[in-house]
Amino acid sequence: MKRMNLFCQVLRNGKKVLPFCLFTFLPLNMVAQDNITLDTYIGAQLATEDLNGTARYVGMGGAMDALGAEISTIGSNPAGIGLFRSNQVSTSFGLVSQQDGKSFQDGSKTHASFDQIGVVFATRYDQQSFINFGFNFHKSRDFNHVLSAAAAAVNGSAQNRQTTIKGIRGDLDRRYGESQVDNLYLESGMITDDKGNVYDVAASSYDFCRAQTGYIGEYDFNLSGNINNRVYLGFTAGIKSVHYKSYTEYAEELASLVYDEVGMKDEHKITGTGFDIKFGVIVRPIDESPFRLGLSVASPTWYKLKTENFSGIYDEYGCVREVSTNGEFRMNTPWKFGVSAGHTIGREVALGFGFEYADYSTLDMRTISGRSYDWDGYAYDDSSSDGIMKRLTENTLKGVSTLKVGVEYKPDPSVAIRAGYNYQSPMYKKEAVRDQTLSSPGTWMASTTDYTNWESTNRLTLGLGFTFDKLRLDLGYQYTMRSGNFYPYMNGVSATYVSDETGRTMELRNDCHAVSVKDNRHQLLCSLTYSF
């Protein structure tokens, strides 16, 4: 263990860290109600969507936006509901298994999932035109996932060193500069002796595990129709309900005379609601041809969310310090645009293609600054963008393109065979970093320091369909593959200080290498559809 008398250096940056943290710790539950946000990496998890819906929709890779007459298009191209010619009700459920996962706390490698239920009412108003109404619930995001990583420390780098360096740099002097993790290390006294001297305690290795559970449920209401069976128009209003929960354990083996191991535990919940609107159009440019072209646009989802977490720091003898926080914030996701094409060959073959684009660098984390009232006495929250976190988002995330291709073949009118491919480009820039030195409410609310830069997502899908008079049974399979680079904390943070022992200028760095992680999963879906 290398002992460094850094405490005086921290004092030179403007305040005594330990007394300051004591005062900020005690009222933390009270002041965390206003002016908070979460950081870019947590927001990105809430902003993305999975490929999910009916087994037919998933079996074709989601490439049904222009083909239509499929209830799951209510959320991708609302005009697809306008192609229905009869009433229909459907429901879907299945199993999801994480190939490389393991059970941890509430997280399980395999879990059952209720994925969709919806109904469409088709009303003819002349010989070739319909006005249709639809409702559909589907699970747009499944958070169930277990992430684990372990590695040897790089040059003794450690979580506590991160806090030490931030103190030397003066990051802890700024409003919102210290995170809950910094607060716990400083409050615990684990990195200082009884004289206030700060230790640079080297680590030999770390171990990390997180279990996520929960989902985002989307409730879509649709009005659509067609004009002379050539032009199809649709509008969908959606309400989203967020249920996110995670439990994290992080432990370091230390080269210390006092502590052999230090661990952090964190329980985090995010709940709330959001709403969005979507528009779509499908056109058959040639009257005699079944070929269709589709366009769609989805507004941002305007979220109001509540975050709650309970964090603690522990040594090998038990709990040393704990803290809990909660508060509300707003978040706006990016606009999404889509183009699609579909074609049928007789009654035997259906071909679908789709392309979507969303610029996730525009993801907007917003603080709630107060409450206002309109002339009718209706209360609404005043919010403003977290400018510092917005710049981090712009430097971290980028535009995402999604390509969807699918085919359906019917060797018999009562049997359908489907296959599809769905590709999603990376959301994170290659050099993206979860910057924990920012003077942002998102930094202050951070109860963990890890981040993963996920790469592209590839989905291979298959499906079968069986029709029995008015009842249809569909089976779908989806194999999702993605990998990423995991970091336990921000890489490459450094600071210089003057050694009280030698009088020389020294540099203290905290480096960590990326650990490759995978998220490959299998999904089985079953849908039952009844036409009436």
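Author: The account below begins with a pair of helices and then turns to strands and cores. The model is a predicted one, in which local features need pLDDT of at least 70 and side-chain atom pairs count only at pLDDT 80 or more, while totals for chains, interfaces and linings use all residues. Residues are numbered from 1 along each chain as its sequence is written, and side-chain values use heavy atoms, with hydrogens and water left out.

Helices and strands here are DSSP runs numbered from the N terminus (H or I with at least four residues for helices, E with at least two for strands). Two packed helices are described by the angle between their axes and the distance between the axes. Helix 6 (residues 159–169) and helix 7 (residues 180–188) have axes that come within 10 Å and cross at roughly 95 degrees. Axes are lines fitted to C-alpha atoms, for helices over the stretch in contact, and angles run from 0 to 180 degrees between N-to-C directions. Helix 6 and helix 7 are therefore roughly perpendicular to each other; angles under 35 degrees count as roughly parallel, over 145 as roughly antiparallel, 65 to 115 as roughly perpendicular and the rest as oblique.

From helix 6, Q159, N160, T163 and K166 meet V181, D182, Y185 and L186 of helix 7, where contact means heavy atoms within 4.5 Å. By class, this contact has 3 nonpolar, 3 polar and 2 charged residues. Here Ala, Val, Leu, Ile, Met, Phe, Trp, Tyr, Cys and Pro count as nonpolar, Asp, Glu, Lys and Arg as charged, and the others, Gly among them, as polar. G189 follows helix 7 and has a positive phi, near 75 degrees.

The strands come next. Strand 9 (residues 261–283) pairs with strand 11 (residues 302–315) in the antiparallel sense over 14 bridges; two strands pair if DSSP finds at least two bridges between them. D266 has S311 in strand 11 as its bridge partner. Strand 11 is also joined to strand 12 (residues 318–332) by 14 bridges, again antiparallel, and a hairpin of 2 residues connects strand 11 with strand 12. There, N309 has T325 in strand 12 as its bridge partner.

V297 belongs to strand 10 (residues 292–298). With a relative accessibility of 24%, V297 counts as partly exposed. Beyond its neighbours within four places in sequence, V297 touches I277, K278, F279, W335, K336 and F337. The C-alpha atoms of V297 and V339 are separated by 9.0 Å, although these residues are 42 residues apart along the chain.

The largest nonpolar core has 56 residues, of which V242, I270, L305, M331 and F486 touch the most other members. A nonpolar core is a set of buried Ala, Val, Leu, Ile, Met, Phe, Trp, Tyr and Cys residues joined through side-chain atoms within 4.5 Å. Helix 4 (residues 40–47) gives this core its largest share, 5 residues. Apart from its neighbours within four places in sequence, M331 has contacts including G43, L46, A47, L305 and L363. Another core, of 7 residues, lies apart from the largest one and has I165, I168, Y497 and L508 among its members.

How values were computed. Buried < 20%, exposed > 50% of the residue type's maximum accessible area, 1.4 Å probe, protein only.
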